[in-house]
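Subject: Structure handover and notes

Hello,

Here is the structure I said I would pass on. My notes on it follow below.

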Amino acid sequence: MSTDAHGHTAADHSGADCSETLHRLYEYLDGEMTATDTHKIALHLAACAPCMEQHDIEQAVKAIVRRSCATECAPPALRTSIVQRITTIRVEYTD
Ligand SMILES: [Zn+2]
């Protein structure tokens, strides 16, 4: 029997964990990371459904905000609900 590296979990090699990924999502979406960090986060997102879901939400919010800014006719209620959503997400993941 040859030696075997047990205890190797799927997330082990990704480099980033959930809290790092979630805290750095904005940097990732804004393209403000180094190539190495971007790769780390991308690897984690590919392997972690909850983080990928969060990534999709942030990406959608960013797209809405960008579109609203471009047309300058976003209803105040929409802006408020977007900001509240972002705040809620941050509170959930800031522990
Ligand atoms: Zn995760």
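Helices here are DSSP runs of H or I with at least four residues, numbered from the N terminus. Leu29 lies in one of these, helix α2. Please keep in mind throughout that this is a predicted model.

Overall layout and confidence

The chain has 5 helices and 0 strands, so numbered from the N terminus that the order reads α-α-α-α-α. Of its 95 residues, 13% are buried. Among contacts with a separation of 6 or more, 60% join residues 24 or more positions apart.

Mean pLDDT for the chain is 78, and 69% of the residues score at least 70. By element, α3 has the highest mean pLDDT, at 95, while helix α5 (residues 76–93) has the lowest, at 71. Residues 1–12 stay under 50 in pLDDT. For that stretch the model has 3 contacts beyond four places in sequence.

The core and helix α3

Which residues form the largest nonpolar core? There are 8 of them: Ala16, Leu22, Leu25, Tyr28, Ile41, Leu45, Cys48 and Cys51. At least two residues of this core come from α2 (25–30), and at least two from α3 (35–47).

One of the core residues is Leu45.

The length of α3 agrees with expectation, because 13 residues at 1.5 Å a residue should span 18 Å and the end C-alpha atoms of α3 are 18 Å apart. The buried residues in α3 are Lys40, Ile41, His44 and Leu45. They sit on the same side of α3, because the arc they cover around the axis is only 130 degrees. On the face turned away from that buried side, α3 carries the exposed residues Ala35, Thr36 and Ala46.

Leaving out neighbours within four places in sequence, the contacts of Leu29 are Glu58, Gln59 and Lys62. Lys62 is 33 residues away from Leu29 in sequence, yet their C-alpha atoms are 8.7 Å apart.

Two residues of helix α4

Val61 and Ser68 are both placed in helix α4, which covers residues 49–71.

Val61 counts as partly exposed because it has 16 C-beta neighbours inside 10 Å. Beyond four places in sequence, Val61 is in contact with Ile82, Arg85 and Ile86. From Val61 to Val83, 22 residues apart along the chain, the C-alpha separation is 9.2 Å.

Ser68 also counts as partly exposed, with 15 C-beta neighbours inside 10 Å. The C-alpha atoms of Ser68 and Leu78 are separated by 9.3 Å, and the two residues are 10 apart along the chain.

When reading the Val61 contacts, note that Ile82, Arg85 and Ile86 fall in the range 76–93 of helix α5, the element with the lowest mean pLDDT.

Regards

Note on methods
Residues numbered from 1 in each chain as written. Predicted model: local features only at pLDDT ≥ 70, side-chain atom pairs only at ≥ 80, totals over all residues. Core = buried A, V, L, I, M, F, W, Y, C linked by C-beta atoms within 7 Å. Buried ≥ 20, exposed ≤ 12 C-beta atoms within 10 Å, placed from the backbone. Contact = placed C-beta atoms within 7 Å. pLDDT = per-residue confidence, 0-100. Expected span 1.5 Å × (residues − 1). Arc of directions from axis to C-beta.
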